[in-house]
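Let's take a look at charged pairs in this one. Have the sequence and the 3D view open as you read.

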Amino acid sequence: MDEREPEFKPYHHPAAGWGAAKSVTKFLIRERELVDGPRAILKMNHENGGFDCPGCAWPDDTKGLHLDICENGIKHVTWEMTGKRVGPEFFAAHPVSELRKWSDTDLEAQGRLTEPMRYDAETDRYVPISWPAAFELVGRTLRDLDSPDRAAFYTSGRLGNEATFLYQLWAREYGTNNLPDCSNMCHEASGRALQWAIGTGKGTVDIHDWEEADALFILGVNAASNAPRMLTALAEAYRRGAQVVHVNPLVEAGATRTIIPHDFARMATFRATPTSTLDLQPRIGGDLALLRGMAKALLEMAETDPDALDTEFLEAHTAGFEEYRVLCGETKWDELERQSGLPESRIRAAAEVYRAAERSIISWCLGVTQHEHGVDTVREIVNLLLLRGNIGRPGAGPSPVRGHSNVQGNRTCGIDHRPAAKFLDKLADVCGITPPRHHGLDTVNTIEAMHRGEVTVFVGMGGNFVLAAPDTPYTAAGLRGCELTVQVSTKLNRSHLEHGEQALILPCLGRTEKDFQAAGLQATSVEDAMSMVHLSVGMKRPASPHLLSEPAIIAGMARATLPESATPWEDYTGDYDRIRDTMAQVLDGFEDFNERVREPLGFRIHQPARERVFLTPSGRAEFSTAPLPDVVPAEGTLALGTMRSHDQWNTTIYSDDDRYRGIKNLRTLIFMNPGDMRERGLAEFDEVDITSTAKDGTTRSLRRYRAVPYDIPPGCAAGYMPEMNVLCAIGDYSTQSDQPLMKHLKVTVERAG
């Protein structure tokens with residue numbers, strides 16, 4: 001078979017294990033990092049002089065493990081440490097019009113950016129520009145705008161806490177809250193739901209709770225690819241006798257069995273550990289119906305079993321329980337079955353697991369949030385937890401799985417287009433600025449504002465905005481209509497090629513690299529998905545002597561924008577301890593920041609809800625009584641969810657393979673239920689056209705994709721982002737969270753014409 005011919009062979013091996021070891025070895029060889037790669041592995045996620053993995057936000061090990069790493073983390077680090085370089089010579093040889101024709105994989109494969117570049121329209125090329133000149137171009141353009149709200153300041157989840165704080169300080173001192181971020185596209189629903197329900201926008205559990213839970217419910221998470229270090233927690237839970245329930249339309253590899261690579265005895269003997277005791281496959285969008293069915297079953301148990309509910313907790317700490325009890329009683333089982341796509345017996349089986357567990361954690365990711373009713377679904381998770389008092393005690397609580405390494409820290413440190421008045425008050429008092437009080441623009445509204453000509457300057461700190469956002473051609477057109485686009489990046493990507501009239505590429509240090517400033521070697525901090533804040537120190541020489549750190553780049557642009565500012569931008573750049581001293585005065589939970597972050601493993605941000613102090617209007621945890629949404633696809637249509645392949649991290653694609661789903665040499669595919677394929681007369685790898693219909697009736701299509709039969713519920717389908725982001729119209733976002741509906745697109749699939 002030709003190497004480029006697509007292959008599909010269902011995967012039946014353990015997650016991680018020797019498959020991961022082989023994949024990592026091949027990747028290190030391909031990237032020619034057989035020396036620095038292993039060195040980095042031995043440093044990554046170490047509390048003393050190590051650097052934090054720039055991949056996912058799963059917490060670091062607390063038991064002294066020296067190989068707290070995973071396949072995707074190693075690939076991400078090696079990708080950053082590549083010896084390939086993209087300097088002025090590369091840009092001189094390749095005009096932008098040519099680079100636009102390259103694949104996204106080929107663009108990023110060219111290597112690390114080495115010095116600041118400016119787009120030259122006459123030659124259609126990026127040309128070198130000095131750092132002072134680049135900063136002045138940004139500052140002059142921003143000063144000339146007739147309103148600060150004509151600029152937007154985007155950040156991805158890779159930005160460290162110190163840079164994040166400076167970034168939002170710059171934007172707010174300049175005069176805008178236009179701070180869109182990747183949270184607007186992933187966990188905005190989680191933050192809003194948790195804030196309304198329990199008074200905090202974060203989960204309440206830590207990694208020790210995962211070690212103590214009797215039952216773990218994992219919803220909408222592909223753990224083996226998106227948070228691979230979770231596999232250790234799942235395997236340990238199974239071995240101690242805990243129940244592990246996975247809820248996902250696809251039974252992913254992480255929901256079967258695993259061999260943890262640092263478990264040398266099991267690696268040597270090929271002994272896998274199960275990672276699941278029950279797998280449930282609801283239809284796409286059916287999680288809320290499943291959760292309500294579990295609650296209904298639990299309330300029915302309580303009629304004869306007084307211990308099924310924690311009545312003492314309900315009476316002392318909750319509001320709205322009676323209304324919720326009535327709602328569950330009135331909801332019919334046949335409707336719960338229809339909306340969840342699961343039989344009553346399976347829902348009751350999950351409820352039995354929940355009832356039998358003394359301590360339960362419910363964890364979820366984008367499979368729950370990227371829906372119209374994402375907020376309601378997260379609140380239903382909280383409802384279920386409240387029924388048995390599973391909040392505010394060891395081994396129990398809500399636990400959202402954040403994606404990028406510091407996406408939670410970004411929000412904690414001020415990246416929020418809807419900032420709280422209390423935060424702005426402190427920022428004004430401590431930093432001596434007058435921050436704007438009106439709400440700014442989120443990601444979707446920023447894109448729409450660019451099209452209306454209301455946002456004309458876009459600054460992006462990390463990420464690949466064009467590919468991460470919905471409605472790819474529409475997003476690209478919005479950027480092209482800007483007066484100035486600025487992208488702070490480590491590698492070349494699509495967002496550099498869809499640029500404004502003026503454009504800058506500003507290359508920054510990676511987290512693996514040493515950051516020397518006036519006060520010496522600097523460390524930056526990050527916050528993991530469970531609110532632990534710890535330091536990260538690079539270990540490798542920078543890819544280029546021309547690179548600046550993210551705090552230095554932000555401070556340089558800020559000083560050029562605000563030449564009369566009293567903010568000590570230069571002092572902040574010279575010594576990050578000074579940034580942390582200011583953060584300690586502004587941010588709740590960051591008191592004595594410099595001292596506490598240097599403790600082994602750092603510190604955990606205080607959360608009142610963890611102590612059953614609920615900062616809601618009622619002072620109690622709030623039940624919600626949302627109506628059950630209708631998620632059953634119309635006749636002839638499918639509900640499609642986008643997802644990452646295994647050999648991919650966010651928009652960075654390492655290869656066209658997806659080992660855990662049995663795919664080789666193919667990304668332009670759609671996974672379909674075999675019965676749905678038969679109805680359309682389709683066989684494996686037949687070419688199909690996929691068309692989405694937006695809320696406004698407009699359509700978008702992908703042509704000549706390959707159909708692949710897969711174990712997925714009838715009426716459901718799945719495929720890869722970012723390619724399928726084109727199917728999500730800019731207007732298809734949740735009215736609850738403003739998140740794009742990436743996991744619930746309405747599509748038709750027909751044989752390619």
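Is Asp-571 buried, partly exposed or exposed? Asp-571 comes out as partly exposed, its relative accessible area being 38%. Keep in mind that this is a predicted model.

## A partly exposed pair

Asp-571 has a partner: it makes a salt bridge with Arg-578, and the closest N and O atoms sit 3.4 Å apart. Arg-578 is partly exposed too, with a relative accessible area of 41%.

## A pair along helix H18

Next up is Arg-348, which forms a salt bridge with Glu-344 at 2.7 Å between the closest N and O atoms. Both belong to helix H18 (residues 344–356), and because they are 4 residues apart there, about one helical turn separates them.

As for solvent, Arg-348 is partly exposed at 28% relative accessibility, and Glu-344 is partly exposed with a relative accessible area of 24%.

Now for Arg-661 and Asp-658, whose side chains meet in a salt bridge of 2.8 Å, N to O.

## A network, and the total

Salt bridges also link up into a network here, joining Asp-181, Glu-188, Arg-192, Arg-411 and Asp-738.

How many salt bridges are there by this rule? The count comes to 46. In general, side chains of opposite charge can pair when their charged atoms come close.

Notes. Residues numbered from 1 in each chain as written. Predicted model: local features only at pLDDT ≥ 70, side-chain atom pairs only at ≥ 80, totals over all residues. Heavy atoms only, no water. Salt bridge = Lys/Arg side-chain N within 4 Å of Asp/Glu carboxyl O. Helix = DSSP H or I, 4+ residues; strand = E, 2+ residues; numbered from the N terminus. Buried < 20%, exposed > 50% of the residue type's maximum accessible area, 1.4 Å probe, protein only.
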